[in-house]
Amino acid sequence: NMKKRFVTAFVVFMTVLCFVVSADSYISRLVDGGGLLSGEEYDRVLYELDRVSQNHGMDIVVVTADTFEYGYNAKDEATEIYEISGYGQDGIMLYLCMDTRDCRILTTGLGIEALNDEGIEYILDCTVPYFSEGEYADGFVEFASQCDGFVEAAMSGEEIGYMESCV
C-alpha cells in the first residue's frame with residue numbers, strides 16, 4: 001500500500017515536472033529583432049504562425065533583424081539562426097534583415113518537400129510588396145497563409161497551381 005502511494009506520487013511528480021520543463025522550453029516562432037511590429041501586430045502574427053505550425057506539425061517561423069548578427073549573407077544568417085534557435089527539423093522560415101533589406105526563405109525537412117524554388121519565389125512575390133509599404137504584419141500573415149496552402153497541398157499530394165499574381 002505504501003509502495004503504491006509512492007509510485008502514484010512519483011508518477012504525479014514526473015508528470016508535473018515534464019509539464020514545467022516543456023512549458024519553459026517554448027521557442028517563439030516569431031522573433032522581431034528588427035522591432036517592426038506593435039504588440040497587437042506581434043500577437044496576431046504569432047497566432048497565425050502557431051496555428052499553421054500546429055496544423056502541420058512543423059515550424060513556420062518569421063525572424064526579423066536590424067543587421068546580420070553573425071556577419072554572414074542572408075542565406076547563411078537564416079540557416080544559422082534556425083539551427084541555433086532549436087526549431088524542429090521540419091520547417092519554413094522567413095528571415096528579413098532591415099539593414100541590407102534582404103529577405104530569405106529557408107526550408108528544412110518537410111519544408112523542402114512543400115516549397116521548391118518556384119514556390120519560394122512565389123511566396124516572396126506575395127509578401128515583399130507588403131514590406132515595401134511598411135505593412136510587415138500583413139506580409140507575415142500572408143507568409144503564414146501561403147505556407148499553409150503549400151504544405152497542405154504537399155501533404156495531400158496535390159499539384160501546386162501558381163496564379164500569375166497573388167496581391
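Helix H3 (residues 74-85) has 12 residues and reaches 16 Å from its first C-alpha to its last, close to the 16 Å expected at 1.5 Å a residue; the expected span is 1.5 Å times one less than the number of residues. Helices (H or I, at least four residues) and strands (E, at least two) are DSSP runs, numbered from the N terminus.

This is a predicted model, in which local features need pLDDT of at least 70 and side-chain atom pairs count only at pLDDT 80 or more, while totals for chains, interfaces and linings use all residues. Residues are numbered from 1 along each chain as its sequence is written, and side-chain values use heavy atoms, with hydrogens and water left out.

The buried residues of H3 are Ala74, Glu77, Ala78, Ile81 and Tyr82. Here buried means under 20% relative accessible area, exposed over 50%, and partly exposed in between (1.4 Å probe, protein chains only). These residues lie on the same side of H3 because they cover an arc of only 125° around the axis, the arc being that of the directions from the helix axis to the C-beta atoms. An α-helix has 3.6 residues a turn, so residues three or four places apart point the same way. Glu83 and Ile84 are exposed on the other side of H3.

What do the buried residues of H3 pack against? They pack against E2, E3 and E4, where contact means heavy atoms within 4.5 Å. Glu77 counts as buried at 0% relative accessibility. Just after the helix, Gly86 has a positive phi of about 85°.

The largest nonpolar core has 32 residues, and Ile92, Ile105, Phe140 and Phe143 have the most contacts inside it. Such a core is a set of buried Ala, Val, Leu, Ile, Met, Phe, Trp, Tyr and Cys residues joined through side-chain atoms within 4.5 Å. At least two residues of this core come from each of helix H2 (39-56), strand E2 (59-65), strand E3 (91-97), helix H5 (117-132) and helix H6 (136-156). H6 gives the largest share, nine residues. Apart from this core lies another, of 12 residues, among them Val63, Ala78, Tyr95 and Leu106.

Arg101 is found in the loop between E3 and strand E4 (102-108). Its phi is near 60°, a positive value in a residue other than glycine. Most residues other than glycine have a negative phi. Arg101 is exposed, with a relative accessible area of 53%.
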